[in-house]
Amino acid sequence: GKNVYFFGGGQADGDGTFRELLGGKGANLAEMSRIGLPVPAGFTISTEVCTYYYDNGRTLPATLDDEVKENLGKIEETMGKKFGDVNNPLLLSVRSGARDSMPGMMDTILNLGINDEVVAGLAAKTGNERFAYDSYRRFLQMYGEVVMGVEQYEDEHHDPFEAIIDAACEKRGVAVDTGLTGEDLKGIVEAFKALIKERTGNDFPQDPMTQLWGAVKAVFTSWNNDRAKVYRRKYGIPAEWGTAVNVQAMVFGNSGQTSGTGVAFTRDPASGENVFYGEYLVDAQGEDVVAGVRTPKPVAEMVNDLPKSYEELLEVRQKLENHFKDVQDLEFTVEDGKLYILQTRNGKRTGLAAVHIAIDMVNEGLIQKEDAIRRIPAEDLEHMLAPIFDAKAEREANKIGKGLPAGPGAACGRIYFHAPDAVAAAARGEKVVLTRVETSPEDLRGMIAAEGILTSRGGVSSHAALVARQMGKICVCGAAEVEIDYANATVKAGGVTIKEGEYISINGTTGDIYAGEIKTAPSRVVQGLIQGDAEAMSHDDYKKFAQLISWADELRKLNVRTNSDSPEQVKNAIAFGAEGIGLTRTEHMFFEGDRIDAVREMILADSENARREAVAKLLPYQKEDFVGIFTALEGRPGTIRLLDPPLHEFLPHTKEQQLDLANKMGIQVEEIMRRVAELHEFNPMLGHRGCRLGIVFPEITEMQARAILEAAAEVDGAKPEIMVPLVGFKKELDLQKEVIDTVAGEVREKYGLTEDQLAYTVGTMIEVPRAALTANEIAETAEFFSFGTNDLTQTCLGMSRDDAGGFLNEYQEQEIVTTNPFASLDQTGVGQLVEMGVEKGRSTRPGLKVGICGEHGGDPNSVKFCHKAGLDYVSCSPFRIPIAKLAAAQAAL
Ligand code: ADP
Ligand code: MG
Ligand code: MG
């Protein structure tokens, strides 16, 4: 088949759609040539040749030689120069180019085709000896390093080629190489050739064709250099893709003051502003602009240095955007006042810029709103929601350590180690960073009170991280190098000791930890949504964000609900666009204040009566909670899950707690100890939890059902959906539903309401494999399903979320799992249980309402899966609602 694809002179064999075959760079060079942009002629050797090269002991296909010669002839014809010709030489660049750009990972060789004779001819033809020898020395340097393997020795401070240049500069008394004369460069050329001979034992090849084949093979070889391999692993680029090789006529930005080279973005990739953005250097070549030897100038100044080319460049900017319909990141070179475009690709941008650019382009009529939705990575919306450090203040701050970025944003506050202290400090009006080795549900109030949470143990799926995400708290977790000393109430890191009550600052977007206080501000979007702040709402950030979400709302099929446990959270979630609650965890309410005592009494009670008495104490609290939640919901549906945590979390474990409780209950502490010992579990996560509590202690279910339904009776438009957790057998749900229905009858009677007036549904979480496997049976009773994918992942994989931190990194590194299954749904495994659950459930109850309420409900890839699996809604933490909406809209396109 065809291995080589020509481009140049206003035409091309390939085009922009040939990415797989020609790589991103080659495909876009072809496309640019086709639309009449000034691209130096060249040809692309396809990625298939790279595959051949590796499959055949690093050899090239037999036909390649002829194809290359033929296409080289076309370049010569187009450019009016000849490869290897002393009087009118064509020089070439040999460039790598994979399907996805891998910036700086592989090698490029410029000025190929020069030798001792050609350089003299080039000098004579251009009348510019300096330029000719500058080009030759650049070629020798690149070829020496990339093809012939000259390396910097370990005991050398400097690249050996650069050392020769530095010595020449010193001798001439100039700071950089632009100050060197043609004579100096001639000397450097000789020194380079000697260096190559000395280091490799081989002479630098004078024959241009030999040079070309050496360079082509070197580019293929660079596909498997260490840098490229590491990069591929990090970004999930398969080794099979291979790289293409682009061989292209050289144009010379280093041929004097009317020449130059630069890089530019068609718009500002940091802010998204529609301004031309980039930099350039006069009399420079290749990567001089990014190498940092000379300081490049802002592209706008080209209007002074190279005015005609700048005009042309502005036209190219327009033409590129109009054609590619996205921000372009381009490379250009000016040779003697003539502009050439050497590369273009879609520009990488920040989340903020992504939103601005997409909306602007719709407004400009360049793209459709569907394109805007499609091209903004849903996850990137987070950047617009998180509070931020003042950039200058952060640069100047004292960084003392780093952890995992678990809750994005910036927080600073005084350190407190225990939840009650954090709460008290916050009540005094202090800003708090709750700093703990790890957190547990009992720390919740402290976490709510804190600006940010710092832990030294646990990964991004640890309790601290999970709660932080749900609450939109800033969190840095698992900062192993931070020493937390509860006994002395100090934090030690980076040689600094911070005492309780002193300031620390954490950046949850990067994981960086600083001593002292750094200034922050909430993002404008959040100010607008939550506080309705008029100034924020009139800001462009807010308006564009709101525009984007309204388009997502039009296009998506999935509903988006929230996981929220308090009226305050529900209000925020609704401000973020929630259409109801997908999960309220009622156990959080049990840990607040003195309520835990009543729960403990209930569990430790030895008679049903004693149990009822204890439970009754909780009823008013729970009812109040639900009244608040239904009120905040303003008629939207609310799924409330009955009590779930393992029994052992309720038990008094310390002697002190046991004595205290014995006093309150008026019984012997020995009695308490005996009961605690009796209730001890070896594996609480698989023990007495979920509906198993309600089955053994129906009083709890009864109380909770009463609290929910009385609250519903008292709040207009309340739509309670009562969810029974951890069901694996239909009978479990039957029994719990019976309890709920009985209570409902009593509540209706108490309030004088009909069935229609106090309506509710009873459903279940699907969170153990048996529930998914028998979903057809369970759906006979269940009026809705909600996939609790946190537990479903744990039970399907047999992997504890809280303990997986110890090995999951290794698993990801060894590519056993590609992503953390607790963060992004394991679609091939757990996903099958979800699909099966939906299908079997709807086989007995057509139209069964199905949602998901695990952490995955806010993960874009998981949301897309949920759309495909036919779910009715996803539910996630308030701050992830816009992200879920965008992902849902993307799934629907
Ligand atoms: P990368 O993928 O690492 O950016 P490139 O293949 O784009 O590598 O080459 C690096 C630089 O070499 C380009 O930015 C450009 O300045 C220079 N270059 C490449 N091809 C040519 C050419 N035909 N003429 C002049 N300069 C070139
Ligand atoms: Mg490069
Ligand atoms: Mg490039």
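**Close-up views of a predicted model**

**View 1. The surroundings of ligand 1.** In this predicted model, ligand 1 is surrounded by 18 residues, of which the closest are Ser93, Arg95, Thr108, Gln248 and Gly286. Two or more residues of this shell come from each of strand 6 (92–98), strand 7 (108–112), strand 8 (243–249), strand 12 (328–335) and strand 13 (338–346). Sorted by class, the shell around ligand 1 consists of 7 nonpolar, 8 polar and 3 charged residues. Both domain 1 (39–249) and domain 2 (260–346) take part in the shell around ligand 1, each of them supplying at least three residues.

**View 2. Helix 27 against helix 28.** Two packed helices are described by the angle between their axes and by the distance between those axes. For helix 27 (residues 655–665) and helix 28 (residues 669–679), the axes come within 8 Å and cross at roughly 120 degrees. An angle between 115 and 145 degrees is neither roughly perpendicular nor roughly antiparallel, and helix 27 and helix 28 are therefore oblique to each other. Their crossing, that of helix 27 and helix 28, is right-handed. On the side of helix 27 the contact is made by Gln658, Leu659, Leu661 and Ala662, which meet Val669, Ile672 and Met673 in helix 28. By class, this contact of helix 27 with helix 28 holds 6 nonpolar residues and 1 polar residue, while charged residues are absent from it.

**View 3. Helix 37 against helix 38.** Here helix 37 (residues 860–868) packs with helix 38 (residues 881–892) at an angle of about 45 degrees, and their axes are 8 Å apart. Because of this angle, helix 37 counts as oblique to helix 38. The crossing of helix 37 and helix 38 is right-handed. Helix 37 contributes Pro860, Val863, Lys864 and His867 to the contact, and these residues meet Ile883, Ala884, Ala887, Ala888, Gln890, Ala891 and Ala892 in helix 38. Taken by class, the contact of helix 37 with helix 38 comprises 8 nonpolar, 2 polar and 1 charged residues.

Terms used: Residues are numbered from 1 along each chain as its sequence is written. Chains are lettered from A and ligands numbered from 1 in the order in which they are written. This is a predicted model: local features need pLDDT of at least 70, side-chain atom pairs count only at pLDDT 80 or more; totals for chains, interfaces and linings use all residues. Axes are lines fitted to C-alpha atoms, for helices over the stretch in contact, and angles run from 0 to 180 degrees between N-to-C directions. Helices (H or I, at least four residues) and strands (E, at least two) are DSSP runs, numbered from the N terminus. Angles under 35 degrees count as roughly parallel, over 145 as roughly antiparallel, 65 to 115 as roughly perpendicular and the rest as oblique. A crossing is left-handed if the near helix is turned anticlockwise from the far one by less than a right angle, and right-handed if clockwise. Two residues are in contact if their C-beta atoms, placed from the backbone, lie within 7 Å. Ala, Val, Leu, Ile, Met, Phe, Trp, Tyr, Cys and Pro count as nonpolar, Asp, Glu, Lys and Arg as charged, and the others, Gly among them, as polar. A residue is near a molecule or strand if its C-beta atom, placed from the backbone, lies within 6 Å of it. Domain bounds come from an automatic or database domain assignment.
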